[in-house]
Amino acid sequence: QGRVAESGGGLVQPGGSLRLSCVVTDLLFVAYNMAWYRQTPGKQRDLVAKIAVGGRTDYADSVKGRFTASADYAKNTMYLQMNNLQSEDTAIYYCQADGAPLDPNQYWGEGTLVAVSS
């Protein structure tokens, strides 16, 4: 059974940076569409960034120009570099692996908390 696990969250001041990591295990990483989501209490989980099979990236409008998603296929790891963080970026960040159509399952991590505060 495949797993994904996030790390790298923490407390940062406005304008600061963090890099999140998502390690993928027991899945053929290169064959999965990968994504970062975030969620705040009482709200739905929203897409932040995604890396499609083949490497194309897409971003939510709210993070364009500030966040960069990347993948190191040799390390089975996806990253989210977050710059110029603002208070509205405070959330739990989740990693998702989606194997459609070959694998009908979606794999989610347990999340990592990013808190932006002065």
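Is Cys22 buried or exposed? At 0% relative accessibility, Cys22 counts as buried, where buried means under 20% relative accessible area, exposed over 50% and partly exposed in between (1.4 Å probe, protein chains only). Before going on, note that this is a predicted model, in which local features need pLDDT of at least 70, side-chain atom pairs count only at pLDDT 80 or more, and totals for chains, interfaces and linings use all residues. Residues are numbered from 1 along each chain as its sequence is written, and side-chain values use heavy atoms, with hydrogens and water left out.

Back to that cysteine. A search of the whole structure turns up 1 disulfide (a pair of cysteine sulfur atoms within 2.5 Å), and it joins Cys22 to Cys95 with an S to S distance of 1.9 Å. Cys22 sits in strand β3 (residues 18-25) and Cys95 in strand β9 (residues 91-98), so the link spans distant parts of the chain, 73 residues apart; strands here are DSSP runs (E, at least two residues) numbered from the N terminus. The torsion about the S-S bond is about -65°, so the disulfide is left-handed. Cys95 is buried too, with a relative accessible area of 0%.

Now the charged side chains. There are 4 salt bridges, each a side-chain nitrogen of Lys or Arg within 4 Å of a carboxyl oxygen of Asp or Glu. Among them are these:

| Pair | Closest N to O |
|---|---|
| Arg66 and Asp89 | 2.7 Å |

Arg38, Arg66 and Asp89 are linked in a network of salt bridges. Arg38 lies in strand β4 and Asp89 in the loop between β8 (77-82) and β9, so that pair ties together parts 51 residues apart in sequence. Arg38 and Asp89 are both buried, and Arg66 counts as buried at 14% relative accessibility. Over at the other pair, Asp58 is partly exposed at 29%, while Arg56 is exposed at 60%.

Last, the rings. The structure holds 3 aromatic pairs (ring centres of Phe, Tyr and Trp, the latter by its six-membered ring, within 6.5 Å; planes under 30 degrees apart are stacked, over 60 edge-to-face, the rest tilted). One of them is Tyr32 with Tyr107, edge-to-face at 6.1 Å centre to centre and 65° between the planes. Both tyrosines, Tyr32 and Tyr107, are buried.

Technical notes
Helices (H or I, at least four residues) and strands (E, at least two) are DSSP runs, numbered from the N terminus.
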